[in-house]
Amino acid sequence: MDRLVKPDVKEVELTFRRGQKSTVTFRLTNLMHTMSVGVSLTTSNPSFFSFNQPYSIIQPLSTSSYTLLLSKPSDKPPIRTTADVINVRSSMLPTGKANQDDLRRLFAKPGSHVFRDATIPITFVGPHVVDYLIFNNTQVPELNSLFSKAISGCTESELTNSLRSAVASANEKLVAVLIENGGDVNSKDLDGRSMISLAVRAESIDVVRVLVASGCIIDETIDRVLQEVAAMNRVDLMEVLITNYKNIDANSVDWHGRTPIHVAAGSGHVEMIRYCVSIGGNTDLSDCDGWTALHFAAEKGHLEATECLLKCSSYAKYAVNKEGKTAFMIAVENGHSNLYDLLQLGDALHRAARVDDVHGMKSCLSEGAKVNGRDQNGWTPLHRAAFKGRVESVKILLSHGAEIDVVDDAGYTPLHCAVEAGQVQVSLLLIAHGAKANLKSLKGLVPRNLDCFQTPAPFALPLCHEDRA
């Protein structure tokens, strides 16, 4: 015979609860038909565990119950690299009688009279163990094995609470295990938000994908996930959400009426703005206060975002919020002089060059307007002044570094414009400052002989309406 008693479990599952003296009960059966057996119970970690009966006697073919006690309340389970175990030793008692001191002496003497009947692993289970493993997963060896055992001691509602914790911690593997074991993927928090919202806040695209694949549903009236993703500049997350949830799109608004583009603009996230526009996002939409995305970019002084929004819209520059303020005014209020030229000074400089407003031009240039700033057709102020024959404006622009042979979107230089409009004095002034009279446009055309301005020009320029007038 190799043992005298037999435990009723192969593993003892101890439900751990923070700050409490957790207990678990198991049983031992005497296998002897005619003889009583003395039993000794110890653990590999006596500083944490104790028994209600460390020494006992079991009568022939009888069963006794034993309680393992976690004697030191703690905020975390005492999980170690090597699992703790219960050591069960036994010895025959021919008389069937012995007191505690007798049994202590009996098991203190090594020898063949002592049987090593069992080594029972101690496993910690329950929601407090699960949460500990979730938030300390990088510090726990054999995490997957311990986690699978720990969830066996959880109810469905406890698994769901732990699922929420796993989602927030961005651990997609533990999220998948909890869902497989009964965690409710469509449980909402107290504010009615879905698990997807938690995953987005954790910035975990892997967890989002697990939740999507598990059938997680979002409510577009509560889950404002696109705005959160836009604030993070996570285009990859945005793409997953847009692809999998047909009830949300790039123009979905939050409680303030703001789209993802509004949020991205306020954070200066150009990549996000471009992506939203590519999937149908409207840069001209206003929020509940009348602010466009351009207002938000201007408020924060985001140059690249402002440039991007202006390329996507011809209206937003002139839009006013409920206070009657344009994006330019917002930029001025916040001292973002790097945006002045884009938002207004550039337009003002073009207008001043067109009407030969020398004072206005000097004012714009002193405030930071770009002397070579282009309009929607690629015209610079010099193109415009040359076409209108504004000699003084041309002089001012050249003195401030205007590029004399700069070409517009159709390949025309300011000299081409002057010749087209029959502006002899400006043409000669430009040539005197080094303009190339034989420079071809993109269409291969060159200005006609400067003495023949009265004849029709050999080519037509793509002019704005105001310049044709």
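Trainee: Hi! What should I know before I look?
Mentor: The model is predicted, so local features need pLDDT of at least 70, side-chain atom pairs count only at pLDDT 80 or more, and totals for chains, interfaces and linings use all residues. Residues are numbered from 1 along each chain as its sequence is written, and side-chain values use heavy atoms, with hydrogens and water left out.

Trainee: Okay. Is helix H12 mostly covered or mostly open?
Mentor: Mostly covered: six of the eight residues in H12, which spans residues 293-300, are buried. Buried means under 20% relative accessible area, exposed means over 50%, and partly exposed lies in between (1.4 Å probe, protein chains only). Helices here are DSSP runs (H or I, at least four residues), as strands are (E, at least two), numbered from the N terminus.

Trainee: Which residues of H12 are buried?
Mentor: They are Ala-293, Leu-294, His-295, Phe-296, Ala-297 and Ala-298.

Trainee: And what follows H12?
Mentor: Gly-301 does, and its phi is positive, near 75°.

Trainee: New topic: how many salt bridges are there?
Mentor: A search of the whole structure gives 15. For a salt bridge, a side-chain nitrogen of Lys or Arg must be within 4 Å of a carboxyl oxygen of Asp or Glu.

Trainee: Can you walk me through one?
Mentor: Glu-228 and Arg-201 meet through their side chains in a salt bridge, 3.5 Å from N to O. Glu-228 belongs to helix H8 (residues 225-232) and Arg-201 to helix H6 (residues 195-201), so the pair ties together parts 27 residues apart in sequence. Glu-228 is partly exposed at 23% relative accessible area, and Arg-201 is partly exposed at 35%.

Trainee: What does Asp-287 form a salt bridge with?
Mentor: Its partner is Arg-258, with the closest N and O atoms 3.1 Å apart. This pair links distant parts of the chain, 29 residues apart: Asp-287 is in the loop between helix H11 (270-278) and H12, while Arg-258 is in the loop between helix H9 (235-244) and helix H10 (260-267).

Trainee: Is Asp-287 buried or exposed?
Mentor: Asp-287 is buried, at 7% relative accessibility, whereas Arg-258 is partly exposed at 23%.

Trainee: What about Lys-395 and Glu-392, how far apart are their closest N and O atoms?
Mentor: They are 3.7 Å apart, and the two residues form a salt bridge. Lys-395 and Glu-392 are three residues apart in helix H18 (residues 391-399), so about one helical turn separates them. Lys-395 is partly exposed at 42%, and Glu-392 is partly exposed at 40%.

Trainee: Which residues are joined into one network?
Mentor: Asp-189, Asp-191 and Arg-193 are, through salt bridges that share partners.
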